[in-house]
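Trainee: I am new to this protein. Please take one part, the inside, and show me closely how it is put together.

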Amino acid sequence: MILFSVVKEFVIQTVAQGILTLIEKFRFSFIEWLQQIPAMIEDKVDGVVYGCKTFVGEKLGVNNEISDNYSYNGKQWQKTTVSREISPSEIPDEIKERMTPGTPLDMTEELELALK
């Protein structure tokens, strides 16, 4: 009975670690993509980029990572949106469960915590 308990606990920990690894891999991929965005939008943004909001969304069966970038040119604010299509297999089940079709899931705070 003790051996069964030890094996059961080991399996639970292994599965939990695997799930955490998938989520961390997803976050790392998202962060890596976000770090490329300033160079991508440099010629499209008038002013200085002050911040961004990040989302994962599904629309018409297509999954996207979305970044809304906010800049100010001294007179007005500008929002520049950058997105990329991602495979459903790249999204951890924990994130998929929180997604609603047609409504982007705000990941900004979660990614900020991952960067700290």
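Mentor: Start with the largest nonpolar core of this predicted model. It has 17 residues. A nonpolar core is a set of buried Ala, Val, Leu, Ile, Met, Phe, Trp, Tyr and Cys residues joined through side-chain atoms within 4.5 Å. Buried means under 20% relative accessible area, exposed over 50%, and partly exposed in between, with a 1.4 Å probe and protein chains only. Six residues have the most contacts inside the core: Phe 26, Phe 30, Val 56, Ile 91, Ile 95 and Met 107. H1 and E3 each supply at least two of the core residues. The largest share, 7 residues, comes from H1. Helices (H or I, at least four residues) and strands (E, at least two) are DSSP runs numbered from the N terminus.

Helix H1 covers residues 2-41. Look at Phe 30. Leave out residues up to four places away in sequence, and Phe 30 touches Thr 54, Phe 55, Val 56, Glu 65, Ile 66, Met 107 and Leu 111. Contact here means heavy atoms within 4.5 Å.

Follow two of those partners. Phe 55 has Asp 106 in E4 as its bridge partner. Val 56 has Leu 105 in E4 as its bridge partner. Two strands pair if DSSP finds at least two bridges between them.

Now turn to E2. E1 and E2 pair antiparallel over 11 bridges. Gly 57 has Asn 64 in E2 as its bridge partner. E1 and E2 form a hairpin with 2 residues between the strands. In that turn, Leu 60 has a positive phi of about 55°.

Asn 63 also belongs to strand E2. Asn 63 is buried, because its relative accessible area is 8%. Its contacts include Gly 57 and Glu 58, then Arg 84, Glu 85 and Ile 86. Asn 63 also touches Pro 88, Ile 91 and Met 99, again without residues up to four places away in sequence. Ile 91 was in our core list, among those with the most contacts.

Move on to E3. Strand E2 (residues 62-72) and strand E3 (residues 77-86) pair antiparallel, over 10 bridges. Tyr 72 has Trp 77 in E3 as its bridge partner. E2 and E3 form a hairpin too, with 4 residues between them. Gly 74 sits in that turn and has a positive phi of about 95°.

Step back to the whole chain. The protein has 3 helices and 4 strands. From the N terminus on, the elements run α-β-β-β-α-β-α. Buried residues make up 29% of the 116 residues. Take the contacts between residues at least 6 apart in sequence: 53% of these join residues at least 24 apart. Phe 30 shows such reach along the chain, with Met 107 and Leu 111 among its contacts.

Two notes on reading this. Residues are numbered from 1 along each chain as its sequence is written, and side-chain values use heavy atoms, without hydrogens and water. Local features need pLDDT of at least 70, side-chain atom pairs count only at pLDDT 80 or more, and totals for chains, interfaces and linings use all residues.
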